[in-house]
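Notebook open, model loaded. Today I'm looking up some helix packing, then a bit of surface.

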Amino acid sequence: MSGTFGKAADVLRRYFAADLIPGLTTAAVVLPKALAYATIAELPVQAGLFSALVPMTIYAVLGTSRLLSVSTTTPIAILCASAIGEALAADPALDPLVASATLSILVGAMLLAARVLRFGFVANFISEPVLTGFKAGVGLVIIVDQLPKLLGIHIQKAGFFRDVASIFTHLTQISWPTLVVALATLAIIALSKRFLPKAPAPLLAVAVGIAASAIVGLEASGVSVVGAIQGGLPTLKLPRPELFEDMWPAAGGIALISFTESIAAARAFVRPGDPPLDANRELFALGAANAAGAFIGAMPAGGGTSQTAVALNAGAQTQATSIVVAAAALATLLFLAPVLALMPHATLAAVVIAYSIGLVDFAGMAAIRKVRSIEFHWAVVACLGVMTLGTLKGVIVAIVLSLGSLIRLTNDPRVDEILRIPGSHRFRPRESDHPSDEAIPGLLIARPVGRIYFGNAENAGAKLMALMRAASPRVFLLDCSAIPGLEYTALKMLVEAEFRLRESGVELWLAALNPEAMELVQRAELAEKLGRARMFRTVEEAVAAFEARGAAGEPKSAT
């Protein structure tokens, strides 16, 4: 028995040994940022540490990614600020950690419900351009939100553009000692990234800020500090069900962003040999992590790209790295609370701004514009939606834009005229690069691309009829090889089109129907009207039949 325990202990030592240093390195970045995110969310700074304690541990046990680091992120923090701020405004006596617990349990419940319903596919429902614009808007909102703390001024929050105007009108009230502390923090972060790329820049900045506060007495100079922090083990925080009705919209937005960001980060850092990600299992792991964290007042949690990248670059092998980060968070709560109380708010604000600027991805926006200008416009609208309507409504704008872009793309299917490559039996779409490709006199070949359904059938039909009118063929051959399936409305329109073409003296032929489409056609009256003589396995066989029959013969079916 002792030998068995000895072997198990040896396995655990090896398991954690490989991830101990990567875990401590990741903790040096995650923990200062977690403290800063708590200030964004209008919560005591220990709430950030709570999110790096319980949710981090639960995900490490249940998640499918070997690297994903789960605590909290910038977009989640700003969404929390909206929901918790409204709850505190309605009830000033409310414990902020109870508000956080209520929000986290709702987020966890929504993610778990999504797992039961197998909604893992929802991760793909916010397009990359819209997500880029949304993140840019969040980044700008956070920067403006933190600028007063960085400048040492006080403004009445009233929305992005009003806040910008208010900051300008209060510039004469700048606290110069506060600004110096903030600029020094930004300088430390920038210089660390430049000359010490492997050093934990946030930890260095926070350490210098705390040291300066202790040695110089910054608070006496008018620099605001964090103040007393409740250290020790977290205490039980029970959610308040009466807050559910007001908080559920924010919780829904946070759940969506948490899952979307987590899946994106996990996919971005999958290594060869890692087990495949399971989107529905990720829903369960994130839901359980948030639900468990709720009972100590942890902020809602999700996977972060930047902190996962830190773990990867530090040499993380498994989720043991996250266990080390959680242990570091616990040690901080137990032993370092009095030290953290000396931290200047300007230092935290500078850390937040330094790591929020990256959300405004100008290069990414430029790349989108270069490829597709319409998707660039969607990204800009998503960004403006966050800035003008607030982050929560900005999430809704992002979802609506993504669905709208999907509908627009699917409702305008491509339809190509197909020509023959000279001297061959091969065919391809008409292109200006191939002016010698030949049309077959009397035969028009058209290929719709994509699934034809009630939403795009009319547009596809209009494009096909435009080609038919321009060509005036005797036979209209519909190449169905790029159509994965037909919906009833589309099939009915095809039946009606066959009748109109026949009335005008044009025959409709079909080629290359896949099994699903063929089965639907055979169930409908279209199969009887066409007969086997006008349905072919391939375009090549249909063209051969057309050329073989001459002007008056009948096509020879190849079905």
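This is a predicted model: local features need pLDDT of at least 70, side-chain atom pairs count only at pLDDT 80 or more; totals for chains, interfaces and linings use all residues.

Helix pairs. I began with how H4 passes H6, and the crossing is left-handed. H4 covers residues 74-90 and H6 covers residues 128-151; I get an angle of about 60 degrees between them, with the axes 10 Å apart. Roughly parallel stops at under 35 degrees and roughly perpendicular starts at 65, so I'm calling H4 and H6 oblique to each other.

Next I stayed with H6 and turned to H7, residues 160-169. This pair packs at about 25 degrees, and the axes are 10 Å apart. That angle makes H6 roughly parallel to H7. I checked the handedness here too, and H6 and H7 make a left-handed crossing.

Surface. Which residues form the nonpolar patch with about 490 Å² of accessible area together? I find Leu233, Leu334, Phe335, Leu336 and Val339. Leu336 sits in the loop between helix H13 (320-335) and helix H14 (337-340). Its relative accessible area is 39%, so I put Leu336 down as partly exposed.

One more residue. I looked up Met110 and found it in helix H5, residues 96-116. Buried would need under 20% relative accessible area and exposed over 50%; Met110 comes out at 27%, so it goes down as partly exposed.

Notes
Residues are numbered from 1 along each chain as its sequence is written. Side-chain values use heavy atoms; hydrogens and water are left out. Patches are made of residues with over 30% relative accessible area and no salt bridge: like charges are joined within 9 Å, nonpolar side chains (Val, Leu, Ile, Met, Phe, Trp, Tyr) within 5 Å. Accessible areas come from the Shrake-Rupley method with a 1.4 Å probe; for residues, only the protein chains shown count as cover. A salt bridge is a side-chain nitrogen of Lys or Arg within 4 Å of a carboxyl oxygen of Asp or Glu. Helices (H or I, at least four residues) and strands (E, at least two) are DSSP runs, numbered from the N terminus. Buried means under 20% relative accessible area, exposed over 50%, partly exposed in between (1.4 Å probe, protein chains only). Axes are lines fitted to C-alpha atoms, for helices over the stretch in contact, and angles run from 0 to 180 degrees between N-to-C directions. Angles under 35 degrees count as roughly parallel, over 145 as roughly antiparallel, 65 to 115 as roughly perpendicular and the rest as oblique. A crossing is left-handed if the near helix is turned anticlockwise from the far one by less than a right angle, and right-handed if clockwise.
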